[in-house]
Amino acid sequence: MGFILRLLVNALALYLLARVYAGVSFEPGADLVSVLIAAVVMGIVNALIRPVLLLLSLPVNVLTLGLFTLVVNGVVLYLVAAATALNVAGFGAAVIGAIILAVISWVLDAVVGALKLDGGRN
């Protein structure tokens, strides 16, 4: 149940990102399935590719006091856009979109936690 809830929260966050920020959108005619596929791909990329990117960029990340993580998150969003019906206007839009996506996900996680829909997970 937790996986499905997490998938739905990520899909909602991606959908809201596309509605709020003009630099990220879904292709015309994209439906709920396209949004869910983008959320699944986002989860896979976050689980498999993002840790490798963070490890490879560790020296730069240390020098920038962690701010380079924003660039890595932008690369992740750009990769998801390359593989799904998600469109990103450019790399700068991907970085800004990743920041907005993080804020939206944080708010949605707080709502899910406040409503105790996550089974008491902290």
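Figure 1. At 78% relative accessibility, L65 counts as exposed (buried means under 20% relative accessible area, exposed over 50%, and partly exposed in between, with a 1.4 Å probe and protein chains only). The view is taken from a predicted model, in which local features need pLDDT of at least 70, side-chain atom pairs count only at pLDDT 80 or more, and totals for chains, interfaces and linings use all residues. Residues are numbered from 1 along each chain as its sequence is written, and side-chain values use heavy atoms, with hydrogens and water left out. L65 belongs to the loop between helix 3 and helix 4 (helices, H or I of at least four residues, and strands, E of at least two, are DSSP runs numbered from the N terminus). Although L65 is not a glycine, its phi is positive, at about 55°. L63, found in helix 3, is exposed as well, with a relative accessible area of 74%. From L63 to N10 the C-alpha distance is 31 Å, and the two are 53 residues apart in sequence.

**Figure 2. The salt bridge between R6 and D109.** A search of the whole structure finds one salt bridge (a side-chain nitrogen of Lys or Arg within 4 Å of a carboxyl oxygen of Asp or Glu). It is formed by the side chains of R6 and D109, at 2.5 Å from N to O. Because R6 lies in helix 1 and D109 in helix 5, the pair ties together parts that are 103 residues apart in sequence. R6 is partly exposed, with a relative accessible area of 28%. D109 is also partly exposed, with a relative accessible area of 29%.

**Figure 3. Helix 1 and its buried residues.** The 19 residues of helix 1 should span 27 Å at 1.5 Å a residue, and the end C-alpha atoms are 26 Å apart, which agrees (the expected span is 1.5 Å times one less than the number of residues). Buried positions in helix 1 are L7, V9, N10, A11, A13, L14, L17 and A18. These buried residues pack against strand 1, helix 2, helix 4, strand 2 and helix 5 (contact means heavy atoms within 4.5 Å).

Figure 4. Helix 4 (residues 68-83) has 16 residues, which should span 22 Å at 1.5 Å a residue; its end C-alpha atoms are 23 Å apart, in agreement. T69, V72, G74, V76, L77, V80 and A81 are buried in this helix. Their cover includes helix 1 (2-20), strand 1 (24-26), helix 2 (32-56), helix 3 (58-63), strand 2 (86-88) and helix 5. A81, at 13% relative accessibility, counts as buried. Leaving aside neighbours within four places in sequence, A81 is in contact with L86 and V88. The C-alpha atoms of A81 and A39 are separated by 11 Å, the two residues being 42 apart along the chain.

**Figure 5. The nonpolar surface patch.** L67, L70, I99, V103, W106, V107, V111, L115 and L117 make a nonpolar surface patch of about 870 Å². Such patches are made of residues with over 30% relative accessible area and no salt bridge, where like charges are joined within 9 Å and nonpolar side chains (Val, Leu, Ile, Met, Phe, Trp, Tyr) within 5 Å; accessible areas come from the Shrake-Rupley method with a 1.4 Å probe, and for residues only the protein chains shown count as cover. Helix 5 (residues 91-114) gives the most to the patch, with five residues. I99 is placed in helix 5 and is partly exposed, with a relative accessible area of 37%.

Figure 6. An unreviewed UniProt entry places the feature "transmembrane region" at residues 32-56, 63-85 and 91-115; positions are given in the numbering used here, feature names are shortened, and annotations may be inferred rather than shown by experiment. Residues 32-56 are 100% helix and 0% strand, with end C-alpha atoms 35 Å apart. For residues 91-115 the corresponding values are 96% helix and 0% strand, with end C-alpha atoms 36 Å apart. L48, in helix 2, is exposed, with a relative accessible area of 58%. L48 and G97 are 49 residues apart in sequence and 20 Å apart in space, C-alpha to C-alpha.

**Figure 7. P28 in the loop between strand 1 and helix 2.** P28 lies in this loop and, at 83% relative accessibility, counts as exposed. Its C-alpha atom is 9.9 Å from that of L86, a residue 58 places away in sequence.
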